[in-house]
Amino acid sequence: MAGQCSEARLPGTLVDEPTSHLDFLDHYLSTNDAPSGGVDEQQAISTYLARPRQRLQDVSKEIRDLEDRLADLQRRRAPIVTHIQKYRVISSFIRRLPDDIIREIFRRCLSTERYPVAHVAEAPLLLTIVCKRWREIALHMPELWSKAHIIVNSFEAIQLSPDDIDDKHREFYTTIKAEEDSKYAFLRTYLGRAGSLPLYLSIHDDFSFSTPAPMVTSSAMKWLLSLLPRIKSIRWDAKPDAAKYLGTFPAEAFSELEELKTRWWDSYGVRLGGELPPLFLAPKLRDVEFWGSPTRLPKPLRWNQLTGLSMHSKWGASYNDAPDIPFVVELLSACSKLQTLTITLKGLQSTTSDNTSLVPRGADTHQLSLPLTSLWSLRLYFWGDIDGFLKMLYVPKLSELCLRGYDTCPGSSTSLPTFVDSHSYCLSSIERLDIIAQGYPHLTLVKCLEQLPCLRHFVILDPPTTYRQSEYVDEEDWIGFCGDLLVRMTPRKPEISLSSNDLDGVMITSLRGFPCLCPFIQRFDFYECDNYRLNRHLTLDTVVRFVAGKWDVSQQYPDLVSRLRYITVPTRTLPEKKVLRGLKEWREKAGLVVKIAHQFIDVSRRFPTFEDDQD
């Protein structure tokens with residue numbers, strides 16, 4: 001056995017010396033026993049290791065020599081590489097690009113979702129620090145500098161006399177003044193590069209400190225407002241004093257303004273009550289979004305050219321904070337060209353009132369129709385009953401509909417059935433529906449969806465509620481969303497009885513072959529903000545069958561059924577990891593996007609916002 005071990009070790013030896021005289025030590029290599037031969041064994045081991053140790057020193061010295069040689073070569077290589085690179089850049093591709101191509105690349109560097117932030121980490125400022133040529137090109141492109149998200153202080157403190165201020169406050173005012181002067185100089189330089197082009201500005205008012213010193217409009221704000229005749233778009237979260245100051249300008253001062261998005265918050269001490277300020281009456285205004293509830297309209301309201309209107313109540317608003325229906329009717333009567341409308345309103349407290357109570361004072365009671373012939377997106381957030389208002393609308397081009405009632409008792413809402421019953425002329429063109437499900441009986445939702453054959457995007461909200469239902473409730477009595485709705489939306493292959501097993505020649509040209517709701521649904525979003533109730537809402541098996549059914553049937557009949565591209569499910573009902581694993585097959589082969597609506601998000605209070613990522 002010892003001989004076998006010795007032979008196995010010979011190929012791995014490092015020195016040309018026989019090891020047979022050390023065979024008696026072999027068993028120590030595979031155990032933890034200490035040598036028992038005394039000094040003789042220790043001396044034999046030391047004698048044997050003398051040559052390997054010398055060999056190790058020789059190899060180590062050779063490694064050090066090679067490392068020194070390699071380091072020397074690296075030092076000699078570095079200047080050669082630098083020299084080559086210096087001349088290679090002369091023939092680089094980017095140098096050979098003509099200026100007009102580079103300009104087009106620069107234009108595409110700007111974000112299409114928001115205005116660029118005035119920071120060196122983002123275009124266009126980023127383009128000026130790459131090289132001299134790029135800087136020259138960028139600085140001579142006014143269109144790069146005509147859009148910006150900027151930060152300014154609307155007001156500044158007046159410098160007090162030395163007798164009225166201590167050293168601590170003097171240092172504070174000096175620092176603030178230096179910062180304001182720096183911002184002002186940067187702002188003038190940045191927007192000055194736009195030349196005479198129209199400006200598109202998103203403004204963040206950074207004024208937040210309180211001081212006993214008198215306040216005046218800052219130099220930066222004065223200069224910015226001097227550019228009003230050139231400004232085409234303003235997105236501004238105005239602070240109280242700035243809002244009042246802005247309201248002193250006549251409508252003619254905003255001669256080129258086409259887009260206005262602003263917030264006039266009660267939490268800042270300002271409420272947009274009374275009459276609309278002149279800012280909202282700019283002669284070329286096309287798109288308006290604001291938070292606030294005006295109580296009266298100027299006469300005449302010059303909004304005939306308006307194509308987009310969003311009017312929201314303040315966050316946490318109640319019934320009395322929203323404009324009433326007569327006010328909204330009067331407002332919309334002056335906006336005949338609207339294409340998108342988002343509005344918060346309060347309906348009637350009683351459902352027994354007739355439509356004449358919805359007509360503004362002085363209006364013709366026989367003219368109960370409100371034609372909005374260009375409107376394609378309608379989003380209504382409301383309290384009370386708005387059925388009469390819905391019946392007044394005439395929207396032949398509508399493709400997106402949102403109806404969210406905040407104070408609706410479970411199962412008592414009639415807004416969606418009323419809209420479906422009174423607008424049969426446009427139901428086939430509606431592609432997106434957004435509702436709060438708990439306001440409707442389950443079968444009422446089913447009947448409404450049957451009238452929307454071309455629906456492609458369905459959003460269901462299930463906000464927090466104390467309402468609970470027994471698990472033994474019959475289907476016809478179930479309130480809100482339940483999994484049966486998704487089952488009804490799952491397409492099933494038709495059963496065809498043929499004498500032959502070959503079905504390749506069978507062609508189906510009618511939707512009747514697929515007994516399902518909304519066969520063209522491509523996106524389904526279900527948001528639930530409360531714990532699921534008795535598991536009647538949604539199960540993973542129902543979701544998987546829905547996705548699989550849409551995929552399988554759409555592959556064979558793409559003209560009659562659309563595959564699902566996007567789905568959102570609540571995480572409290574369906575754990576996130578299980579959903580992702582269960583839908584992995586379709587995420588990989590069909591590109592299905594799966595999103596999880598996390599709990600504790602009250603989506604029923606969600607309003608559209610603008611430029612939130614810039615605040």
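1. At roughly what angle do the axes of helix α12 and helix α13 cross? In this predicted model, the axes of α12, which spans residues 415–422, and α13, which spans residues 442–450, cross at roughly 30° and come within 10 Å. Angles under 35 degrees count as roughly parallel, and α12 and α13 are therefore described as roughly parallel to each other. The crossing of these two helices is left-handed.

2. The residues that make this contact can be named on each side. Helix α12 contributes L416, P417 and V420, while α13 contributes T444, L445 and C448. Sorted by class, the contact of α12 with α13 has five nonpolar residues and one polar residue, with no charged residues.

3. By class, the contact of α5 with α6 has five nonpolar and three charged residues, and no polar ones.

4. Which residues does I94 touch, leaving aside its neighbours within four places in sequence? The contacts of I94 are with I102, R133 and W134. I94 itself is found in helix α4, residues 93–96. With a relative accessible area of 35%, I94 is partly exposed.

5. Aromatic pairs form a further topic, and the structure holds eight of them. In one of these, the rings of F280 and F290 have centres 4.9 Å apart and planes at 70°. Planes over 60 degrees apart count as edge-to-face, so the pair of F280 and F290 is edge-to-face.

6. Where do the two members of this pair lie in the chain? F280 is in the loop between β6 (259–263) and β7 (287–291), whereas F290 is in strand β7. The two residues are ten residues apart, and the pair links distant parts of the chain. Both F280 and F290 are buried.

Notes. Residues numbered from 1 in each chain as written. Predicted model: local features only at pLDDT ≥ 70, side-chain atom pairs only at ≥ 80, totals over all residues. Heavy atoms only, no water. Axes fitted to C-alpha atoms, helices over the stretch in contact; angles between N-to-C directions. Helix = DSSP H or I, 4+ residues; strand = E, 2+ residues; numbered from the N terminus. Parallel < 35°, antiparallel > 145°, perpendicular 65-115°, else oblique. Left-handed = near helix turned anticlockwise from the far one by under 90°. Contact = heavy atoms within 4.5 Å. Nonpolar A, V, L, I, M, F, W, Y, C, P; charged D, E, K, R; others polar. Phe/Tyr/Trp six-rings, centres within 6.5 Å; stacked < 30°, edge-to-face > 60°. Buried < 20%, exposed > 50% of the residue type's maximum accessible area, 1.4 Å probe, protein only.
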